[in-house]
Structures are given as structure tokens and as C-alpha cells.
Amino acid sequence: MLDLLYPRLYVPSLFDIDLGALQKKGINSLILDLDNTIMPRGARRIEQEVEAWLRRVREKGFRLCIVTNNRDRSVPELTQRLEIPVIIRAVKPRRKPFVRALELMDATGRETAVVGDQIFTDVLGGNRLGLYTILVDPLGGKEFIGTRFISRPLERLLLPRIKRRFGG
Ligand SMILES: [Mg+2]
């Protein structure tokens, strides 16, 4: 059970992901979390730096899909100009939204990585399907109450071990 809570990789931020190394593992598709992974939760726009990174990732040949538990209907609008499909109200760690993302990207589980800032949604959800999971540090936007008072305190118990494993 505990294994399901460990990411396959931990890096401080998106920019630290070694895309070439992923490609060598046969990974060509990324399921990206939105809140506090791509943008601070509650922010109105995606930072230019992140947008440039997303374009670079796609130019390298990766297929992308954003999967978010956010229920805000303005999210798709926000990400529209990036031309990346978005699944909102995902209820991660349920399997269904991840399966749907694979369908949208026309990708198999073996060639797909999940990138997110939360162990109990992104990492657990991805691991349940056997996807390659990458944990990043949260960007620091204001968090959902359940995240703040339940998930994060539990994460704090696991993070030192995870970071030690990856030399963070
Ligand atoms: Mg998040």
C-alpha cells in the first residue's frame, strides 16, 4: 500500500524534468495536474515561463492532457490557448479521469507519466494505473481546505523519505 504513495521520481519543479530521460524510458505522453503544478491555485493565468515549457515539451513530441480536480468551469477557458485538452472535476485518485486522459492522448499506460504536486491525488492515482509518476513541489497557491488540513499534513510525514530517496 505504501508503495502506491511513492512517486517514481521527485523533482522540485516542472523545469527539472529530464524530458530526454523520459523518452528513453519510452514515455511520450504526460498527464499534468493544474493547481499548484502548472499554475498557483486561484491564479488567473499561466506564467509565460510555464507556457514556454509546455510548448517545448510538445515540440519534443510529447502528447499532453491536463487532469484537475478543480470544479471551476473557467478552467478550460484559461488553458484553451495552450490547445491542451483538459479534464475538470476529475476526482483524482479515481482511475476514471486518468483512463479518459489516456484515451484523449491515444496513449498507453506504459508510455505515460503523471506530473503533479500531490501524493494523495496525482501520485496515488497514477500509481494505481501503473503510470510513471512524477512529484513536484507545490507552487504555493491557496489550497482547498481538505488539501490544506488533511492531505498536506499526511504528505509531510512521507516527504522527507521521498526527498531523501531522490537526493532532494
Ligand atoms: Mg495540484
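Two strands count as paired if DSSP finds at least two bridges between them; strands here are DSSP runs of E of at least two residues, helices are runs of H or I of at least four, and both are numbered from the N terminus. What you're looking at is a predicted model, where local features need pLDDT of at least 70, side-chain atom pairs count only at pLDDT 80 or more, and totals for chains, interfaces and linings use all residues. Residues are numbered from 1 along each chain as its sequence is written, and side-chain values use heavy atoms, with hydrogens and water left out.

**View 1. The sheet, strand by strand.** Six strands make an open sheet in the order β1-β6-β5-β2-β3-β4, with parallel pairing. β1 and β4 (86-87) sit at the edges with a single partner strand each, so one side of each has no neighbour in the sheet. Strand β2 (residues 29-32) pairs with β5 in the parallel sense over four bridges, and there I31 stands opposite V114. As background, strands of a sheet pair through backbone hydrogen bonds, either parallel or antiparallel.

**View 2. Strand β6 and its two partners.** On one side, three bridges join β6 to strand β1 (residues 9-11), and the two run parallel; V11 stands opposite V136 in β6. β5 also pairs with β6 in the parallel sense, over four bridges, with G116 opposite L135. The chain gets from β5 to β6 through α5, and this β-α-β crossover is right-handed (with the strands pointing away from the viewer, the path from the first strand over the helix to the second runs clockwise). How many residues of β6 are buried? Five of its five (residues 132-136) are, where buried means under 20% relative accessible area, exposed over 50%, and partly exposed in between, using a 1.4 Å probe and protein chains only. Y132, I134 and V136 are on one side, and T133 and L135 are on the other.

**View 3. Helix α5, mostly covered.** Eight of the ten residues of α5 are buried: I119, T121, D122, V123, L124, G125, G126 and N127. The buried residues pack against α4 (95-105), β5, β6 and α6, judged by contact, meaning heavy atoms within 4.5 Å. G130 follows α5 and has a positive phi, near 75°.

View 4. Q118 is found between β5 (112-116) and α5 (119-128). Is Q118 buried or exposed? Q118 counts as buried because its relative accessibility is 13%. Leaving aside neighbours within four places in sequence, Q118 is in contact with V123, L135, T147, S151, R152 and E155. Q118 and L135 are 17 residues apart in sequence, yet their C-alpha atoms are 7.0 Å apart in space.

**View 5. T37, in another loop.** T37 lies in the loop between β2 and α2 (48-59). T37 is buried because its relative accessible area is 3%. Not counting residues up to four places away in sequence, T37 touches L14, V115, G116, D117, V136 and L139.

**View 6. I150, out on helix α6.** I150 belongs to helix α6 (residues 145-165). With 54% relative accessibility, I150 counts as exposed.
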